[in-house]
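Q: I am new to this structure and would like to learn how to read its features one at a time. Could we start with how the surroundings of a side chain are described?

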Amino acid sequence: MKVLIVLTSHSDLGDTGHKTGFWIEEFAAPYYVMADAGVELSIASPKGGQPP
């Protein structure tokens with residue numbers, strides 16, 4: 001099985017001046033469950049590159 005995990009490309013919350021991104025636990029917990037189960041994982045962001 002293959003799974004694509006898409007993380008945000010946004011580092012700012014609209015024009016509010018507040019920073020945003022992803023909560024590492026929301027990514028890491030399911031990532032390791034799936035990886036341990038033998039799932040082939042790919043990680044991407046809409047704009048490419050590393051997520052904030």
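A: A residue is called buried under 20% relative accessible area, exposed over 50%, and partly exposed in between, with a 1.4 Å probe and protein chains only. By that scale aspartate 12 is partly exposed, because its relative accessibility is 36%. As to what lies behind such values, this is a predicted model in which local features need pLDDT of at least 70 and side-chain atom pairs count only at pLDDT 80 or more, while totals for chains, interfaces and linings use all residues. Residues are numbered from 1 along each chain as its sequence is written, and side-chain values use heavy atoms, with hydrogens and water left out.

Q: Which residue forms a salt bridge with aspartate 12?
A: Side chains of opposite charge can pair when their charged atoms come close. The rule used here asks for a side-chain nitrogen of Lys or Arg within 4 Å of a carboxyl oxygen of Asp or Glu, and the count comes to one salt bridge. The partner of aspartate 12 is lysine 19, with the closest N and O atoms 3.0 Å apart. Lysine 19 is itself exposed, because its relative accessible area is 66%.

Q: How should I read the aromatic pairs, and how many does the structure hold?
A: Rings of Phe, Tyr and Trp (its six-membered ring) pair if their centres lie within 6.5 Å, and planes under 30 degrees apart count as stacked, over 60 as edge-to-face and the rest as tilted. The structure holds two aromatic pairs. Phenylalanine 27 and tyrosine 31 form a tilted one, at 5.4 Å centre to centre and with 40° between the planes. Tyrosine 31 also pairs with tyrosine 32, and this pair is edge-to-face because the planes stand at 85°, with the ring centres 5.1 Å apart. Through these ring pairs Phe27, Tyr31 and Tyr32 are linked into a cluster.

Q: Where do phenylalanine 27 and tyrosine 31 lie, and is phenylalanine 27 buried or exposed?
A: An α-helix has 3.6 residues a turn, so residues three or four places apart point the same way. Helices here are DSSP runs (H or I, at least four residues), numbered from the N terminus. Phenylalanine 27 and tyrosine 31 both lie in helix α1, four residues apart, which is about one turn. Phenylalanine 27 is buried, because its relative accessibility is 17%, whereas tyrosine 31 is partly exposed at 23% and tyrosine 32 is exposed at 52%.

Conventions
Helix = DSSP H or I, 4+ residues; strand = E, 2+ residues; numbered from the N terminus.
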